[in-house]
Structures are given as C-alpha cells and as structure tokens.
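Me: I'd like to go through the charged pairs in this one. Can you walk me through them?

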Amino acid sequence: MTEPQGGSAAPARQEVPRISVDDLPLDGTAAEEQDPTALNAALDAAFGVGGPGVICVTGGEEFQEKVRRIRAELLPLGRELDRLTDASKEAIREKGTLNVNNYSRGVDGNRSGLYFHPATDTPSDCLPAGVVAEPTFYTPNLWPDEELPALKSRAREAAPFLVSVGRRLAA
C-alpha cells in the first residue's frame, strides 16, 4: 500500500453505528420499561472512546418516507441559504451563541449551518418569571423570510419529527 502525498496514511474507514427507531423507547415511555441493550450498545459504539461521534437511526417505510421528505423539501434549502448575499447572511448570523442559534459559517471549522429553537422563535418566552435569559441559549431565531421564505415553514414542519427521534435516542 502506498502512502498519500504528505507522508501520512489515510485514516481507516469507520463503520457508523446504526439502530432501528423500533429499538428506541417510545416518546413519553420510561426507558426502564424497555430492554436498553441495543440502544446502549449503539450509543457506546457511536460516542464511546474511538467511536465516530455519529449514529445512524434507521426505520421502516413510514420512518423512511419522513426522512425522504425532509431530504427533498428541507435539505436543498441549505444550499440556497449558503448562496444568499453576504448582507442577507449577516442579518441572520449567530452573534455570540456558539452555534446555538441562527446562521453560522466557519465558527467551528469550515461548515455552515442554521441553528434554531424547534418550537418557538423567542425561546426566552418559555422561561419562568424572573429567570434571566442567558443570550447564548435564548437568542431569538432569525430567518431569511424575504430571501428564502420556505426555509422557516419547512424547518418547522421537520422539527417535531427530528425532536421526537432525538428524544427517543436520549431517553
């Protein structure tokens, strides 16, 4: 085997751990009511020492249809978001939230993204009376409503499904 230019070997390809959505606790079901063996093994493989830091959740036709819909309707808007003018991106740029809210590019490397609260545009409204909203976590969502009006509605449509799967994974 030849080494690539630069003198270092290419990193070994690592299998991404998978788990079926059927092996996750149902939303609202206590995790101890189900056998956690498959979930624990997948999480350990994904996020344990030497794990790739990512997990693949699989599922049946209904689950896959929802994933396909998000891929078809929401993900292409990411490319459109990145193609907005610099002024438009600046208007929705994250400002000191460390990728908790709004548009960012290059904050943690070369990737860009739009981070938003999945249920409300003003997350500080969810806090109890008298609790000061820490700006890192409670900055209002900013959307490119004029330049990319479909982004907010499609992201909001996808959010309940994604949050539900995330909750089940974390149960």
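This is a predicted model: local features need pLDDT of at least 70, side-chain atom pairs count only at pLDDT 80 or more; totals for chains, interfaces and linings use all residues.

Me: How far apart are the N and O atoms in the salt bridge of Arg 68 and Glu 65?

Reply: Side chains of opposite charge can pair when their charged atoms come close. The cut-off for a salt bridge is 4 Å. Arg 68 and Glu 65 meet that with an N to O distance of 3.3 Å.

Me: Which residues are linked with Arg 68 in a network of salt bridges?

Reply: Arg 68 is partly exposed at 36% relative accessibility, and Glu 65 is partly exposed too, at 42%. The network that holds Arg 68 also takes in Glu 65 and Glu 61.

Me: Is Asp 121 buried or exposed?

Reply: Asp 121 forms a salt bridge with Lys 152, with the closest N and O atoms 2.6 Å apart. Asp 121 is in the loop between β4 (112–115) and α5 (135–138) while Lys 152 is in helix α6 (residues 150–170), so the pair ties together parts 31 residues apart in sequence. Lys 152 is partly exposed, at 28%. For Asp 121 the relative accessible area is 19%, and under 20% counts as buried, so Asp 121 is buried.

Me: What is the relative accessibility of Glu 90?

Reply: Glu 90 forms a salt bridge with Arg 93, their closest N and O atoms being 3.1 Å apart. Arg 93 is partly exposed, with a relative accessible area of 33%. Glu 90 also counts as partly exposed, at 39%.

Key: Residues are numbered from 1 along each chain as its sequence is written. Side-chain values use heavy atoms; hydrogens and water are left out. A salt bridge is a side-chain nitrogen of Lys or Arg within 4 Å of a carboxyl oxygen of Asp or Glu. Buried means under 20% relative accessible area, exposed over 50%, partly exposed in between (1.4 Å probe, protein chains only). Helices (H or I, at least four residues) and strands (E, at least two) are DSSP runs, numbered from the N terminus.
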